[in-house]
Amino acid sequence: MRRVVLLLRKDIRTLGRMPALALALVAYPLVIALVVGLVVRYAGERPHVALVDEQGALSGLLVVGERRFDVERRLEEATEVDLVRMSRTQAERDLETGRVVAALVVPPDFITKLRGLRESPTLVLRTTRGGLGTRVVEKMRSLVYSTNLELQQAYIDANLAAVDLLLHGGSGTIGRTPFTLLGIQRARAQLRALERSRDPPVAARARELDTFMSQLQGAVGQVGSFLRATANPIELRQEEHGGRTWLLSAQVQGYALALAVAFVTVLLGAGALVAEREENVLGRLARGLAGLGQLVVEKVVYVALVGTALGLVLAVVFGIIVEFGDVSGGEPWLRLPLLLAGLVLAAVAFGAFGVMIGALAREAATASVVAFLVALPLMLLALVPAGSIAAAEWIGALFPFGHAQAALSAALYDEQPAGTIVREGAWLVGLGLAYGSAARVAARRMLG
Amino acid sequence: MPEVLLSARQVARRFGRRVVLEPIDLDLAEGEVVALGGPNGAGKSTLIAILAGALAPSGGDVAAAEPTRVGWMPQQPALYRRLTPRENLELFACLADLGDPDAAVGRALEAVGLAEEERRAAELSVGNVQRLNLAIGLLGEPDVLLLDEPTASLDVAQRQRLWRLVDGLRAAGGAVLFATHSLDEARRTADRLLVLQDGRAVYAGPPGDYREEST
């Protein structure tokens, strides 16, 4: 342990004498975190979808009661997807090359069927296989659902207006034909006048009819509530809460922290053991001064210390922005101790991975390039949405990034983070031990 | 009969399929200075690294008489270039668990004439880096000193300082093995000469009797 501490002090002192590297270690992850934060926040939010409407079937207004719908405009302004109008041939080509992730084909009789209300028009969504196809289907379902909901609401309003006319009477139109309706209320008033007739049979029939009209009035009066209730058994109301959901949503903080720690520790770890070899001191240390196991442990601890310190600095910066920047982003100060635990575990696992890469590569230049080449795709794998590509999840699980991100996100904003942190922490410890052991085995080659 | 301080029996080394050192025997006894000669790639550095314990042999054994301390100066400086000479020596002294590291560091710096040097090793001349490399090997006052081409980057004054140091160790009952390309150095300083070629010992005997054509 004493030897590990001695070497650790040496490494920290050495890092302090490389201001350019120290600066890069801080600045580079911050920039990357910002960029990835933007990507995570906005990427995939509006996938490009081809809109194939060769007959212009979307054009024209749909009038429902008092409201007018421009379905074409509604689709063009959709927030769920970015619909790009193009021909069928172009859409097929773009779908094949991946420029669009799906094509929405509009049938020629779309608006006609929608106006007729006898048969629902069908939009066809053509997708590719795989995760992105699934994602765009969800987005399109959401778009069709929200459009249906708006139309439904308009039809309900139109029906309610008709019911109101039936109850209270007045003028209206069916198509272009105007009409005037007496209405139940006024009919009952006339019936009550007839009830006062001196002709008993007339008065008796009037009372009977009024009783029926009273029942009818009650029943028709309920129609509005029933219509609304059956149309929307469950309603979702959106309420804005807190500050702006700027870049620093807690999820983005989790990604940014994991990414920053991953980059620093993997690259630093890859270079740490190799640096000893390039200083030619491995042979000296092997003469009973420090074993390879001690050296690997020291490098992992060193890299984890630097990574944790950097993560803490980032977390404090995020906390300050959340605190004073009118930004929603969890409870940065209350969660700092929990976040520290997550950062330490993540940094150890990433550090061990980096040291293993360094031990395998044996040369500084190779180690840095290999570390970057291996770590980057593995980090991006963790950004693939859960449940979309099983292979990506399996491979991603063997790299600490996804676990670190989950642990850090839980530490930042889960209501009950303990379960996630323990589970992901166990993964990180296990991966750290596995990579550390592999590094120890690989390091033997460095002595040759 | 002088006591053997360090002994190698049938030590050999291969890297993959490439044999760099055939099985070889070597004893270093009290008061003895042995020169190790041979062309580049003959296996001199490998043999010295194995004797120093820095490289594991593929076969054979190395044994040191108790409580012999072995110092090693590799051909390529083995030190931390971002640390000063004192910081380097302090680190290695502490790692070696020397009883009084400050005193050991002071003696080693004094021995190579770097006591006043406060620049980092990376800022030193090649010769001064080599002196620091030697100083690390001198830490703990070794009984056996293994020097791999120690004079390669040293000026005349520093060479003389080095040979005085070697003579002092011999006089104190220690042993020195040094690799060299200079037959003159070997004849002037060594009691014995061992010449390697292609990993095999091709001459072992008094330096004065060695003729290059004899191998």
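This is a predicted model: local features need pLDDT of at least 70, side-chain atom pairs count only at pLDDT 80 or more; totals for chains, interfaces and linings use all residues.
1. Confidence in chain A. The mean pLDDT of chain A is 81, and 86% of the residues score at least 70. Among the elements of this chain, helix H16 (residues 418-443) has the highest mean, 92. Helix H2 (residues 19-42) has the lowest, 70.

2. Over residues 240-247 of chain A, pLDDT stays under 50. The model has 12 contacts beyond four places in sequence for these residues.

3. A helix pair in chain A. Helix H11 covers residues 292-324 and helix H12 covers residues 336-361. Their axes come within 7 Å and cross at roughly 140 degrees. Angles over 145 degrees would count as roughly antiparallel; H11(A) and H12(A) are therefore oblique to each other. The crossing of H11(A) and H12(A) is right-handed.

4. Residues at that crossing. On H11(A), the contact is made by A:Val296, A:Lys299, A:Val300, A:Val303, A:Ala304, A:Gly307, A:Thr308, A:Gly311, A:Leu312 and A:Ala315. H12(A) contributes residues including A:Leu336, A:Leu339, A:Leu340, A:Leu343, A:Phe350, A:Gly351 and A:Gly354. By class, the residues in the contact of H11(A) with H12(A) are 16 nonpolar, five polar and one charged.

5. The interface between the chains. Chain A places 17 residues in contact with 21 residues of chain B. On the side of chain A that touches chain B, the elements giving two or more residues are helix H1 (2-16) and helix H10 (282-286). H1(A) gives the most, with four residues. This side of chain A has six nonpolar, five polar and six charged residues.

6. A glycine in chain B. B:Gly71 sits in strand E5 (residues 70-73) of chain B. Is B:Gly71 buried or exposed? B:Gly71 counts as buried because 24 C-beta neighbours lie inside 10 Å, and the cut-off for buried is 20 or more.

7. Surroundings of B:Gly71. Leaving aside neighbours within four places in sequence, B:Gly71 is in contact with B:Gly137, B:Leu138, B:Pro142, B:Leu145 and B:Leu146. B:Ala52 is 19 residues from B:Gly71 in sequence, and the C-alpha atoms of the two are 7.3 Å apart in space.

Definitions and conventions
Residues are numbered from 1 along each chain as its sequence is written. Chains are lettered from A and ligands numbered from 1 in the order in which they are written. A residue is buried if 20 or more other C-beta atoms lie within 10 Å of its own, exposed if 12 or fewer, and partly exposed in between; C-beta atoms are placed from the backbone. Two residues are in contact if their C-beta atoms, placed from the backbone, lie within 7 Å. Axes are lines fitted to C-alpha atoms, for helices over the stretch in contact, and angles run from 0 to 180 degrees between N-to-C directions. Angles under 35 degrees count as roughly parallel, over 145 as roughly antiparallel, 65 to 115 as roughly perpendicular and the rest as oblique. A crossing is left-handed if the near helix is turned anticlockwise from the far one by less than a right angle, and right-handed if clockwise. Ala, Val, Leu, Ile, Met, Phe, Trp, Tyr, Cys and Pro count as nonpolar, Asp, Glu, Lys and Arg as charged, and the others, Gly among them, as polar. pLDDT is the predictor's confidence in each residue, from 0 to 100.
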